[in-house]
Amino acid sequence: MDRGRSTEPLKLREVRIANRIWMSPMCQYSAGQDGVPTNWHGVHYGSRAVGGSGMIMVESTAVGPRHRTTPHDLGIWSAEQIVGHRMLASQIKELGSVAAIQLNSAGRKSSHRQPWVQSGQNSAVPVQDGGWVPLAPSPIAFGKLTAPAGMTAADIDDVVDAFAAATVNAHDAGYDVVEIHAAHGYLLHQFLSPVSNARQDEYGGSLENRMRLPLRVAKAVRDAFPPEKPMLVRVTATDWIEGGITLDEAKVFAKRLARLGTDLLDVTSGALAADAPPPNRQGLNLDFAESIKRAAGIAVAPVGQMADPDLLRDVFESSSVDAVIIGRALLRDPYYALRLVGDQPKEYWPSQYHRAL
Ligand SMILES: Cc1cc2nc3c(=O)[nH]c(=O)nc-3n(C[C@H](O)[C@H](O)[C@H](O)COP(=O)(O)O)c2cc1C
């Protein structure tokens with residue numbers, strides 16, 4: 001691939017990211033007891049850091065036990081978890097990348113099995129087997145998962161506090177960047193979309209009301225993170241469902257996030273409802289990301305089938321997006337970022353590998 005802008009550094013606040021090819025957050029469902037990172041996480045993220053991804057976004061990490069997708073999710077609410085994250089963040093940084101973490105509450109997509117067990121994400125872990133009743137804006141189940149409890153005003157305040165506390169813990173653990181997950185049908189997205197939010201109070205109905213919790217969370221996270229460290233938000237450009245979030249609504253949300261001090265929007269779409277898969281096509285969120293950038297006036301990075309080298313060459317030649325986020329291609333090959341940019345200049349590769357070039 002012609003490297004184009006792909007190896008230009010990007011500075012967000014005081015954090016310098018060495019290139020524009022970043023690793024997407026991808027749940028490993030492999031945490032130890034009580035959500036603590038394991039050797040799996042160290043090797044998995046460490047090898048992608050050696051493999052040239054400029055920023056490693058550690059997977060969806062729960063802000064509290066009831067906010068996990070499965071009993072095997074990472075968490076960042078306890079002292080023991082912070083110790084594990086400290087090792088993980090230092091490993092990622094020592095191996096040459098920027099350490100970022102995605103903070104999440106799964107809402108109604110909670111208490112399911114690991115994807116490779118039974119019917120995975122569509123199979124609930126019942127309360128008697130160690131599962132729990134999910135929390136959500138309204139008691140509307142996701143597919144075959146356990147019906148959630150509609151959240152009270154106190155539950156909503158607790159979520160804001162949990163995100164703020166998780167942010168303090170992320171800083172304490174040494175992460176350079178935090179990302180709020182407000183997409184893929186998880187709690188904050190559930191509040192944003194009329195499809196999953198049927199509330200009659202100040203958190204439901206108008207767009208202003210549906211944005212209220214996500215914006216409260218963004219403000220709380222920004223306030224809890226040091227000013228020199230950037231905050232990202234993963235946003236959805238559309239629900240791909242009649243009656244769901246549209247690009248126009250996504251742009252209004254993006255502008256409000258920008259005003260609260262968000263540094264970059266990670267643009268995705270879909271996954272709100274079990275029966276509405278996003279279209280299967282290369283670069284499906286690229287145009288959305290450009291459009292959201294024009295509306296919000298801040299940096300953006302699209303995710304979703306962005307790994308094709310020809311597509312990337314065009315993106316780094318002519319698109320206005322600031323970086324590209326890659327998921328599954330990096331599961332298949334930890335060194336995908338290095339392979340994309342090739343072996344010249346050789347300084348781009350770890351010195352330990354120069355004799356192989
Ligand atoms: C195994 C797996 C786990 C994932 N976990 C997360 C996650 O923790 N947080 C998130 O925002 N997206 C998650 N995703 C979605 C990816 O981050 C990404 O948005 C999606 O795979 C599309 O990008 P790709 O076409 O490059 O794979 C996951 C995807 C996969 C395949």
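Predicted model: local features only at pLDDT ≥ 70, side-chain atom pairs only at ≥ 80, totals over all residues.
Because 18 other C-beta atoms lie within 10 Å, H184 counts as partly exposed.

A271, which is likewise not a glycine, has a positive phi of about 75° and is placed in the loop between β11 (264–268) and α7 (286–296). With 19 other C-beta atoms within 10 Å, A271 is partly exposed, since a residue is counted as buried if 20 or more such atoms lie within that distance.

## A cis peptide bond

Q344 and P345 are joined by a cis peptide bond, for which omega is about 0°. P345 belongs to the segment that follows α10 (336–341).

## Packing of α5 and α6

Helix α5 (residues 207–224) and helix α6 (residues 247–259) have axes that come within 11 Å and cross at roughly 35°, and the crossing of α5 and α6 is right-handed. On the α5 side the contact is made by L207, M211, L215 and A218, and on the α6 side by E249, V252, F253, R256 and L257. By class, the residues of this contact comprise 7 nonpolar and 2 charged, with no polar ones.

## Surroundings of the ligand

There are 20 residues around the ligand, and of these S24, M26, S60, G327 and R328 come nearest. The shell around the ligand draws at least two residues from each of β4 (55–62) and α9 (328–332), and its make-up by class is 8 nonpolar, 9 polar and 3 charged residues.

Definitions and conventions: Residues numbered from 1 in each chain as written. Near = placed C-beta within 6 Å. Helix = DSSP H or I, 4+ residues; strand = E, 2+ residues; numbered from the N terminus. Nonpolar A, V, L, I, M, F, W, Y, C, P; charged D, E, K, R; others polar. Axes fitted to C-alpha atoms, helices over the stretch in contact; angles between N-to-C directions. Left-handed = near helix turned anticlockwise from the far one by under 90°. Contact = placed C-beta atoms within 7 Å. Buried ≥ 20, exposed ≤ 12 C-beta atoms within 10 Å, placed from the backbone.
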